[in-house]
Amino acid sequence: EEITMASPAAAVRKQYLLLSRMIHPDKLPGFGQATKAFQLVVSAFDGLTRPDMRSADTSKAKTKTLSRSNEGCYRTGVQCPRCHAPWGEAMDGHEPAAYSHLMTGIKTYCCSTCLLEFGCMSAEHKCPHCRKFFEYNPDDFHNKIKCGNKGCSREFGFMLYNVSETRLKELRE
């Protein structure tokens, strides 16, 4: 299936998962360039799925600010898509707002274990209730969702950390 900028995020993610499983460095131990190839696929996927790249009017998307309650919201578990190490631990040294930056697709981060750079779409996300993986889309960040896993029907939202307009502008440039 051909993927373009107009393809739905779900279709892009499906193709990304198929391709990333095929070229994962653990599946190709004899191929010296597997790590580089995997990193390129992750980077391309995060680039194709960035909210500001998919928005029809990027000027509005870049200046939109939102204030909301964090009631019923959690800092969900996020893991590296390559080595599955937890992201955002204290040892990583990220400011608390880094979670919001990652989850909204504003910024990508480097895994402190395997050094893979990844974003919200390629990261692995865990439900705060059942602790199983769920598919995440940055469009869900300001909504309450259910993970869709069997036996888990509890809603949750995503923790929003306050960030100054100056800091947001720096991140988007």
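Leaving aside neighbours within four places in sequence, Ser-100 is in contact (heavy atoms within 4.5 Å) with Phe-141, Met-159, Leu-160 and Tyr-161. Ser-100 itself lies in helix 5, residues 98-103, where helices (H or I, at least four residues) and strands (E, at least two) are DSSP runs numbered from the N terminus. Because its relative accessibility is 5%, Ser-100 counts as buried, a term that means under 20% relative accessible area, with exposed over 50% and partly exposed in between (1.4 Å probe, protein chains only).

This is a predicted model, in which local features need pLDDT of at least 70 and side-chain atom pairs count only at pLDDT 80 or more, whereas totals for chains, interfaces and linings use all residues. Residues are numbered from 1 along each chain as its sequence is written, and side-chain values use heavy atoms, with hydrogens and water left out.

The protein chain has a mean pLDDT (the predictor's confidence in each residue, from 0 to 100) of 83, and 89% of its residues reach 70 or more. Over residues 54-65, however, the pLDDT is below 50, although this stretch has 13 contacts in the model beyond near neighbours in sequence. Where pLDDT is low, the predicted coordinates should not be read in detail.

The protein chain contains six helices and seven strands, and from the N terminus on its elements run α-α-α-α-β-β-α-β-β-β-β-β-α. Of its 173 residues, 38% are buried, and among contacts between residues at least 6 apart in sequence, 58% join residues at least 24 apart.

Helix 1 covers residues 9-23, and because 15 residues at 1.5 Å a residue should span 21 Å, the 21 Å between its end C-alpha atoms agrees with expectation; the expected span is 1.5 Å times one less than the number of residues. Its buried residues are Ala-9, Ala-11, Val-12, Arg-13, Tyr-16, Ser-20 and Ile-23.

A pocket is an open set of points on a 1 Å grid over the protein atoms alone, where a 1.4 Å probe fits, with protein on both sides within 12 Å along at least five of seven lines, and lining residues have an atom within 4 Å of a point. The second largest pocket has a volume of about 350 Å³, and of the 18 residues that line it, the closest to its centre are Arg-13, Leu-17, Arg-21, Pro-81 and Glu-124.

Notes
Points joined across faces, edges and corners; volume = space filled by probe spheres on them.
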